[in-house]
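Dear colleague,

I am passing on the structure below, followed by notes on what was found in it. Please read the notes with the structure open beside them.

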Amino acid sequence: NSDKAEGGYPWRIMLVGCLCLQAVACWNGEFNVEQGEAGNFWEPLHYLLYGTGVQNFEWSKEYAIRAPVYLAPLYGFGMVGKLLGLSKL
């Protein structure tokens with residue numbers, strides 16, 4: 001097979017292996033994301049992008065448990081989408 005001679009065979013094995021690992025991870029993964037974990041990032045991001053939203057205590061100035069560093073790239077992507085006229089959905 002000329003595929004083996006060109007070195008194309010090992011990448012196929014790695015691809016199948018990665019797909020199998022992904023399938024196992026999805027199958028064993030937890031599908032219910034706790035609102036406390038997901039909402040703690042999306043609500044402040046919605047507030048930054050649209051000016052409305054729920055402020056969680058982790059993001060309040062009084063407690064300041066979470067840093068806004070994680071929101072910076074998401075805010076950038078959100079602003080690009082907003083400027084392109086994409087909907088919230």
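Ala72 counts as partly exposed, because its relative accessibility is 46%, where buried means under 20% relative accessible area, exposed means over 50% and partly exposed lies in between (1.4 Å probe, protein chains only). Please bear in mind that this is a predicted model, in which local features need pLDDT of at least 70 and side-chain atom pairs count only at pLDDT 80 or more, while totals for chains, interfaces and linings use all residues. Residues are numbered from 1 along each chain as its sequence is written, and side-chain values use heavy atoms, with hydrogens and water left out.

Ala72 is found in helix α4, helices being DSSP runs (H or I, at least four residues) numbered from the N terminus. The C-alpha atom of Ala72 is separated by 9.0 Å from that of Leu45, although the two are 27 residues apart along the chain.

Thr52 has its place in the loop between α3 and α4 and is partly exposed as well, with a relative accessible area of 47%. Leaving aside neighbours within four places in sequence, Thr52 is in contact (heavy atoms within 4.5 Å) with His46 and Tyr47.

As for the chain as a whole, the protein has four helices and zero strands, and 16% of its 89 residues count as buried. Of the contacts with a separation of 6 or more, 39% are accounted for by residues 24 or more positions apart.

Finally, on confidence, the mean pLDDT (the predictor's confidence in each residue, from 0 to 100) of the protein chain is 77, and 76% of its residues reach 70 or more. Confidence is lowest in helix α1 (residues 2-5), at a mean of 52, and highest in helix α4 (residues 71-83), at 90.

With best wishes

Note on methods
Helices (H or I, at least four residues) and strands (E, at least two) are DSSP runs, numbered from the N terminus.
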